[in-house]
Amino acid sequence: MRHIYEALAVAYIEDYTYRTRMEDTEPKTEAILCEQCQQIPAKYKCPGCLVRTCSLACSKTHKSEANCSGQRDKAVFVKRADYDANTMMSDYGFLQDLTRDHALLLRDAHEQGVAQVKQKGRAGQNNTVSHGDGPPNVPLDRSQRNIVSRAKEQRQVMIRYMSPGIKRHQQNKTIWVSAKSRLVWTLEIAIPEITGLPNKWIENGFHDVCQVGNLWTGILSEQSNANEPKADGGDEKGSRKRARTDEVRLQLISDDGNKYLFKSSVPAELLQVLKQKFSKLPVEDLVWLIRIQNLPANKPTFCKIDPLQPLYTQLRYQTVLEFPTVYVYSQEPTTWDGHAVTIQEHCVAENDTEDAAIAANSDKEAAVVECAIAANSDKEAAVVECAIAANSDKEAAVVE
C-alpha cells in the first residue's frame with residue numbers, strides 16, 4: 001500500500017501547484033452566502049452533501065432538516081478539478097481502513113485454521129490471500145475466538161462463524177464452559193421426511209457430553225406441560241410462572257453419569273407429528289446424519305453418527321457452520337436438492353476424505369495407464385508379427 005500513498009502524495013503536490021498558479025491568475029469572486037440562513041458568507045462545506053454554512057448552528061440545523069449524516073461518501077467519484085487536500089486525506093484514511101480490515105481478516109482466518117493459498121500478483125510475486133471452501137471469514141470477538149480455539153484443541157472440531165447479518169449466526173448461542181472443559185451447543189434437529197410444516201427446530205444449552213438419542217427419546221416420551229389443563233384465575237405473578245412451564249422438560253445423562261435438566265423448545269405441532277411417525281421406531285434403527293462441509297453443493301455428502309454416544313465424539317474432525325445440524329431419517333436418503341447423496345458409514349477427518357478421493361483418482365488413472373500400455377503393447381506385437389510375415393514371404397519369393 002505504500003506505493004499507493006506515495007503516488008497520491010505526488011499527485012496532490014502537482015495538483016496543488018497547478019491550483020495555486022490558477023488562483024493567482026483568476027479574478028477574485030464574491031463570497032458565497034450561507035445556504036441555511038442566506039445572510040452571512042459561508043465558511044464551511046458539509047462533507048456529505050457539500051452544502052455551505054456559516055456556523056455550527058447552521059450546520060446542525062442543516063443536518064437536522066436534511067437528515068444528513070455529515071460524512072463524505074468515500075467511494076464517490078471526484079473530478080480532478082474538484083480534488084483537494086481534504087479529498088486526499090479522506091482517501092488516505094479509506095486506504096488505511098482497508099489495510100486494517102484486511103489484516104484482521106487474515107488473523108481471524110489463521111486462528112480458524114482456514115487454508116492459505118498463494119496467487120501470483122501483477123508483478124509475478126506470490127501474494128498470500130485468505131481462502132477457504134466455507135463461508136467468508138468475518139472478524140471475531142474475544143469470546144468467539146476462545147470458542148474456536150478451545151473447540152479445535154480440546155474437541156478436534158472446527159467451528160466456522162458466518163456474517164453477523166445471517167440468521168444462523170444470530171441463532172447461535174454456543175458457549176465454552178471452562179470449568180467443565182466442554183462445549184454447550186446450540187443444536188439444530190431436522191427431519192426432512194416431514195412436509196407441510198416446519199420440520200426442524202433449534203435447541204439451546206445442549207452439553208456435548210450428552211447423547212442426541214437420549215434427547216430424542218426424552219422428547220417423544222415426555223408430555224409437554226403446555227398440554228396440561230391450567231386453573232382459571234390467579235394473580236399476574238402466577239400467570240408468568242405458568243408461562244415459563246409451557247415447555248418439554250427432561251433429564252439428559254452425560255458420559256460421566258451426571259444428570260442435567262434440559263428444556264426442549266420443540267414446537268408442539270411438530271412434536272405431535274414426531275410421536276405419530278417415530279414413537280414406535282427404536283432410536284438405533286433411525287438414520288442419523290450430519291453433513292460434511294467444504295464440498296461442492298452438487299455433491300452432498302453425509303456421514304452417519306451414533307446417537308447413543310456423546311455428541312463430541314461424533315463431531316470430531318468435522319467442520320461446523322456456527323452449530324451442528326443433525327438430520328434424522330427413517331431410511332437412508334438417496335437425493336438431496338435433486339443431487340445424488342453420498343453417505344459415509346463413519347465420520348472421518350476431512351483430510352482423510354480428501355486423501356481417499358485422491359487415492360481413488362490415482363487408482364483410476366493407473367488403470368487407464370495400464371490399459372493404454374496393454375493396448376499399445378498389443379498393437380506393437382501385431383506390427384512386429386506382420387513385419388515378420390511380410391519378410392518371410394519376401395525371402396521365400398527370392399529363393400523361388
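**Exercise 1. Cysteines**

Solution. The model is predicted: local features need pLDDT of at least 70, side-chain atom pairs count only at pLDDT 80 or more, and totals for chains, interfaces and linings use all residues. Residues are numbered from 1 along each chain as its sequence is written, and side-chain values use heavy atoms, with hydrogens and water left out.

Step 1. A disulfide is a pair of cysteine sulfur atoms within 2.5 Å.

Step 2. The cysteine sulfur closest to that of Cys49 belongs to Cys46, at 3.7 Å, which is too far for a bond.

Step 3. Cys68 is in no disulfide either; its nearest cysteine sulfur, that of Cys46, is 3.6 Å away.

Step 4. The count of disulfides in the structure is zero.

**Exercise 2. Burial**

Classify Cys49 and Cys68 as buried, partly exposed or exposed, then list the buried residues of α6.

Solution. Step 1. Buried means under 20% relative accessible area, exposed means over 50%, and partly exposed lies in between (1.4 Å probe, protein chains only).

Step 1. Cys49 has a relative accessible area of 36% and is partly exposed. Cys68, at 16%, counts as buried.

Step 2. Helices (H or I, at least four residues) and strands (E, at least two) are DSSP runs, numbered from the N terminus. Helix α6 spans residues 212-221, and eight of its 10 residues are buried. These are Val212, Gly213, Asn214, Leu215, Trp216, Gly218, Ile219 and Leu220.

**Exercise 3. Largest pocket**

Describe the volume and lining of the largest pocket.

Solution. Step 1. On a 1 Å grid over the protein atoms alone, a pocket is an open set of points where a 1.4 Å probe fits, with protein on both sides within 12 Å along at least five of seven lines; lining residues have an atom within 4 Å of a point. A volume is the space filled by probe spheres set on the points, which are joined across faces, edges and corners.

Step 1. The volume is about 660 Å³.

Step 2. Of the 20 lining residues, Lys45, Leu50, Asp82, Asp84 and Thr87 lie nearest the centre.

Step 3. β1 (44-45) and α3 (85-111) each supply at least two lining residues; α3 gives the most, with three.

Step 4. The lining divides into nine nonpolar, four polar and seven charged residues. Here Ala, Val, Leu, Ile, Met, Phe, Trp, Tyr, Cys and Pro count as nonpolar, Asp, Glu, Lys and Arg as charged, and the others, Gly among them, as polar.
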